[in-house]
Amino acid sequence: MPPSAVDPILPPAPPHELPRVPPAEWSRQGLLRLSAILLAAALLPLLWHPVMRMLSSRAVEPSYLPALEASRERIAFRPGPIQDRQTLQPSYVFIGDSMLGTRIDPGYLAGLTGQDVALLARAGTGSAYWYLAFKNYLIPSGVRPKVTFVFFRDLNMTDPLFRLTGPFRWSLDEVAAPKEPALDDVIAARTRGAWYRVHNAVNAVYNVDRANAWVERQLYDWPVRLWTADALDRRAWLDRLTFEVMGLDRLRPMAAADLQAAEDAEADFARNMPRSVLPLIIELAKAHRLKVCFVRVQRRPLRNQPPVQSPQLQAYARAFEAYVEGQGMDFHDDTGDPAQTLAMYEDGDHIGRAHRQRYTRQFWVNQQRLFR
Amino acid sequence: MTFHSLDYVAFLLLVTVVYWRLPHGAQNWFLLAASYLFYGWIHPWYCILLGATTVVDWWAALRMTTPGARRRRWLVLSLGSNLAALGFFKYYNFFAGNVQQALASVGLATPLPILNILLPVGISFYTFQSLSYTIDVYRGRLPASRSLRDFALFVGFFPQLVAGPIERAQALLPRVQQARAFNLVVARDALVLIAWGLFKKLVIADNAGIIANRVFSMKDPGFEMLWAGVFAFGIQIYADFSAYTDIARGSARWLGFDLMKNFDHPYLALSPADFWRRWHISLSSWFRDYLYIPLGGSRHGLPRTLANILTTFVVSGLWHGASWNFVLWGGFHGLLLVIERVWGAARARGRSVGRGSVGHVRRRRAWRLLPQWAATFVLVHIGWLLFRETDTRMLWRDLSLIPGTSPVTEQLAGLYLFLIAATLSLPLWAHSLWTVWHGHSYTDRPAVLESQVPTRTVVWQAAAVGVMFATLLVLRSRTTLDFIYFQF
């Protein structure tokens, strides 16, 4: 009995669409037609240029990172933190992302040290942001803290592309000056690969960034127009959606965690350090006689044991320490600290709120030399 | 290597150019090498398992056909080795975890070792493809391939190796064995198919996926938000998986192969059974031929038929992943089909909208089918909730949500996310409705001679590819996600 006669509840395999052996077909007309299709694919997107000239009213500025794009509709630089530093005159400044924000309780630490402590922490940032925060917030504030601590995980400090593009870019806009040549050089050195060049060339030829900003705005704004016509109200509503209704504190514990693991292939300190912001931070620190301590946080322990580190990662950490100390700066590695148990971790590599003061105290004890 | 990377574009172009300059035998060697390179691009050790599966099945099938062979023994070897590999890599941790939990519940704390190894990508797909060959040889429907090279290419052919379609040896193996000729008309159509696949993946699936992932990572979404997320996931999984199939079929056509159709506008289905005739057809038909019918199909009365349907769908659910939610998902669809069978709702079968030939649907009466279509659409999406929610405690919470009970802002947020997902899905609906309107799919029975292709078709193709590329450039998701079916 043929299967199809047995039961039609599930489908028989459908017949193939082409004849078993399609004949050879190659003609000048066919080639011309193929060329027409490829030409259409290449030329039609050029229409974004005139379309954007007609539709997009926002000012486009030359990018502060030309290695990534020629122009950009950016968020303005946010000078508030400079004034905050000037007002507080902290003795200790901490820079980093959520690894820092979930570990150090500045008020508690100020109580322990008897001196003011300031955090320049922003979740979802990378070393490009930390460098710019150091350069454009701390240095211009004129404050000369005793020590500036920079918190990072694994390879983040030598990976300037980490959290640089996409949704992370808006944070960078807030700390970036109109021109950032040193950071641009570092990024250019990292984006010299063939595919980056292809991406950048395509972006430039078709005006992709500007069109993308406009089209995405239309796509994500239109439903909000149903209940508010005002552009500022729309922005406020969408911000509320992102940061409150669907904010980090509404996420499941492990979803909020950023568990990105280090790639061994990238754990080559000698190769990546010169193409990172690490030497830039050290140069600036030396020029302004600042002491910087780089703090490598411990990733989430496994079964209450320190996380397993590949030999490449261990060699990377040793090279990092040697380089930083050779430059007269400090390095501290949390990894392997028996006091940092799994119970202290909330989600991923974040320390739970209830254990923040415990971590802060341990950190203060471990770094007595720097807090004196 | 993934289809939506520049690496793949370069790889495919290079393979195509070199391939068509070679004679037939060398073409097969070259394609085989290219397929292993493709598969081992990130983790070369994957190739060892693929090679071992290939050699065992080729040898077992060959031995089956030698005079006086104990055929069943060789079949058992093939089945055993394939299912053992699948069980070890895919199901061991699931099994160990559940056994451990069961023992713990009766006070026996027996820690079983948990394997910390990567699931080889595509193992479920190529294992099933290879198994269908040995079973068909055993059944005498197919002669065993004497050439290991040809058989290895059938199992490892790179366009469909990682996520299907799961091809049958009866269809693909002869194409491997026969000489192929370059056909510019077919290659041009394939280009459009690949462009459509890339558009679906990068613009529709990845953007809808951001919504779905965000909603499914919330610890307490309200009813409206949750179902907006489920709808977004429904759009994502269809656009994502059908995109993979389109790129696979397009790539294969460039190389002179024709892979089977895997999707037939599933969201136009009018009943659960109709959905399964349109969704992941290569897998559904595999289960039909190699599990449902051997179990007895519908030949032994209604109770046995219903049991066979349920068994088939539960196993199909488990095929998707080693997790209880997939078992639930399979069981849920099995139950729907059982109900449909018992209540005779299967009479809708003959009235499908948009199936291959839709001439039998009177368009002016199509609106009457709307309630039936809507009910099926909702049921399928309840299934997607089971499929996507891996945390069973959350699942029960999700299913007990009541509309209108969350704060107004959240309800509005749910509506907002739904509208964004609906906007992203418009090209999918347009494509499906175009098919209904014209009575055939664009890719059905494509022309193979230049003289059969009118100029206006080429103009439409050029415009479609140009618009898709222009849109893809600016609406491509900034967060590129892996193809969902890679994890299976």
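Helix α4 of chain B covers residues 71–105 and has 35 residues. If straight, a helix of 35 residues would span 51 Å at 1.5 Å a residue, but the end C-alpha atoms of α4(B) span only 44 Å. At Tyr91(B), α4(B) bends by about 65 degrees. This is a predicted model.

**Helix α4 of chain B**

- Tyr91(B), where α4(B) bends, is also one of the buried residues of this helix.
- Other buried residues of α4(B) include Trp74(B), Leu75(B), Phe89(B) and Phe94(B).
- Ser78(B), Asn82(B) and Lys90(B) are also among the buried residues of α4(B).
- What covers these buried residues? The cover includes four helices of chain B: α3 (46–64), α5 (123–138), α13 (302–320) and α14 (324–342).
- After α4(B) comes Gly107(B), with a positive phi near 85 degrees.

**Helix α15 of chain B**

- Helix α15 of chain B runs over residues 370–388.
- Buried residues of α15(B) include Phe377(B), Trp384(B) and Phe387(B).
- Thr376(B), His381(B) and Gly383(B) are buried in α15(B) as well.

**Where chain A meets chain B**

- How many residues does each chain bring to the contact? Chain A brings 68 residues and chain B brings 92 residues.
- About 7400 Å² of area is buried between chain A and chain B. Carbon and sulfur atoms give 66% of that area.
- On the side of chain A that touches chain B, α1 (3–6), α2 (28–43), α10 (194–206), α11 (208–225) and α12 (231–245) of chain A each supply at least two residues.

**Chain A as a whole**

- Chain A holds 18 helices and 7 strands.
- Of the 372 residues in chain A, 51% are buried.
- Take the contacts in chain A with a separation of 6 or more: 80% of them join residues 24 or more positions apart.

**Ser63 of chain A**

- Ser63(A) sits in the loop between β1 (61–62) and β2 (71–72) of chain A.
- Is Ser63(A) buried or exposed? Its relative accessible area is 7%, under the 20% cut-off, so Ser63(A) is buried.
- A polar atom of the Ser63(A) side chain lies 2.9 Å from the backbone nitrogen of Leu65(A).
- Not counting residues up to four places away in sequence, Ser63(A) touches Glu69(A), Ala70(A), Ser71(A), Arg72(A) and Arg169(A).

**Two arginines with positive phi**

- Most residues other than glycine have a negative phi.
- Arg163(A) has a positive phi, near 55 degrees. Its place is the loop between β5 (147–152) and α8 (169–175) of chain A.
- Arg163(A) counts as buried because its relative accessibility is 14%, under the 20% limit.
- Arg289(A) has a positive phi too, near 50 degrees. This residue lies in the loop between α15 (278–287) and β6 (292–296) of chain A.
- Arg289(A) is exposed, because its relative accessible area is 79%, over the 50% limit.

Notes: Residues numbered from 1 in each chain as written. Chains lettered and ligands numbered in written order. Predicted model: local features only at pLDDT ≥ 70, side-chain atom pairs only at ≥ 80, totals over all residues. Heavy atoms only, no water. Expected span 1.5 Å × (residues − 1). Bend = angle between axes of the 7 residues up to and from the residue. Buried < 20%, exposed > 50% of the residue type's maximum accessible area, 1.4 Å probe, protein only. Contact = heavy atoms within 4.5 Å. Buried area = accessible area lost by both parts, 1.4 Å probe. Polar contact = N/O pair within 3.5 Å; in protein donor to acceptor, adjacent residues only side chain to side chain.
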